[in-house]
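Trainee: Could we walk through this structure together, one question at a time?
Mentor: Gladly, let's have a look.

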Amino acid sequence: MHRKELDWLRGLMATSIMLYHYNYWMFPQNNQLFNSLLTKLGVYAVSIFFILSGLSMSLAYDEYFDNKFKILTFFIRRIFRIWPVLWVAVIISVIVPAVFKIKFYSVGTIFLNLTTLFGFFKPDAYIPSGAWSIGNEMVYYSFTPILIPAFRKNKVL
């Protein structure tokens with residue numbers, strides 16, 4: 001079941017996050033952490049966005065995970081939605097600092113980022129700025145085929 005209201009709320013949260021980052025990066029002299037409404041919206045909007053996304057997914061996939069093929073399809077679709085853009089961001093974030101001899105990343109850290117395994121094993125090892133959320137997202141996705149059917153069987157869970 002798809003709920004447009006949740007999409008609107010997620011869009012508002014994403015806009016709040018975007019405006020927070022824009023203000024933070026473009027006007028650093030105005031940044032007084034936790035003092036402005038925009039800062040509070042930006043910080044709390046991330047949590048609200050994740051909660052709403054989980055709710056949206058639980059509604060969309062409520063009766064989806066009834067066989068192994070569908071679970072595999074779910075993971076393949078998620079990976080192909082996330083990895084290509086992340087790979088571009090990781091490659092740029094590795095090459096540019098290396099060319100200017102600013103920073104070099106280990107092969108292990110690059111591997112963790114390209115496979116999104118950093119979210120599972122080393123959450124602070126993300127390379128592109130903001131990729132921590134991708135790590136969180138991938139961990140959530142790994143539990144989704146377990147959590148949603150468990151919730152369907154027992155609402156207390």
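Mentor: Let's begin at the pocket: α1 (4-26), α2 (37-60), α3 (68-99) and α6 (132-153) each supply at least two residues of the lining of the largest pocket. Helices here are DSSP runs of H or I with at least four residues, strands are runs of E with at least two, and both are numbered from the N terminus. One caution: this is a predicted model, where local features need pLDDT of at least 70, side-chain atom pairs count only at pLDDT 80 or more, and totals for chains, interfaces and linings use all residues. Residues are numbered from 1 along each chain as its sequence is written, and side-chain values use heavy atoms, with hydrogens and water left out.

Trainee: Which helix gives the largest share of the lining of the largest pocket?
Mentor: A pocket is an open set of points on a 1 Å grid over the protein atoms alone, where a 1.4 Å probe fits and protein lies on both sides within 12 Å along at least five of seven lines; lining residues have an atom within 4 Å of a point. The largest share is 9 residues, and the helix that supplies them is α2.

Trainee: How much space lies in the largest pocket?
Mentor: Grid points are joined across faces, edges and corners, and the volume is the space filled by probe spheres set on the points. For the largest pocket that gives about 1,000 Å³. Of its 37 lining residues, the closest to the centre are Phe-49, Phe-50, Ser-133, Ile-134 and Glu-137. So that you leave with the value, the space is about 1,000 Å³.

Trainee: How are α3 and α6 oriented to each other?
Mentor: Axes are lines fitted to C-alpha atoms, for helices over the stretch in contact, and angles run from 0 to 180 degrees between N-to-C directions. The axes of α3 and α6 come within 10 Å and cross at roughly 175 degrees. Angles under 35 degrees count as roughly parallel, over 145 as roughly antiparallel, 65 to 115 as roughly perpendicular and the rest as oblique. The pair is therefore roughly antiparallel.

Trainee: Is Ser-56 buried or exposed?
Mentor: Ser-56 sits in helix α2 and is in contact (heavy atoms within 4.5 Å) with Leu-6 and Arg-10, leaving aside neighbours within four places in sequence. Buried means under 20% relative accessible area, exposed over 50%, and partly exposed in between, with a 1.4 Å probe and protein chains only. Because the relative accessibility of Ser-56 is 15%, this residue counts as buried.

Trainee: What about Thr-109, buried or exposed?
Mentor: Thr-109 belongs to helix α4 (residues 107-114). Not counting residues up to four places away in sequence, Thr-109 touches Ala-125 and Ile-127. With a relative accessible area of 16%, Thr-109 is buried.

Trainee: Where does Lys-101 lie, and is this residue buried or exposed?
Mentor: Most residues other than glycine have a negative phi. Lys-101 has a positive phi of about 55 degrees although it is not a glycine. Its place is the loop between α3 and α4, and at 67% relative accessibility Lys-101 counts as exposed.

Trainee: And Thr-116, buried or exposed?
Mentor: Thr-116, also not a glycine, has a positive phi of about 60 degrees. This residue lies in the loop between α4 and α5 (118-121). Its relative accessible area is 2%, so Thr-116 is buried.
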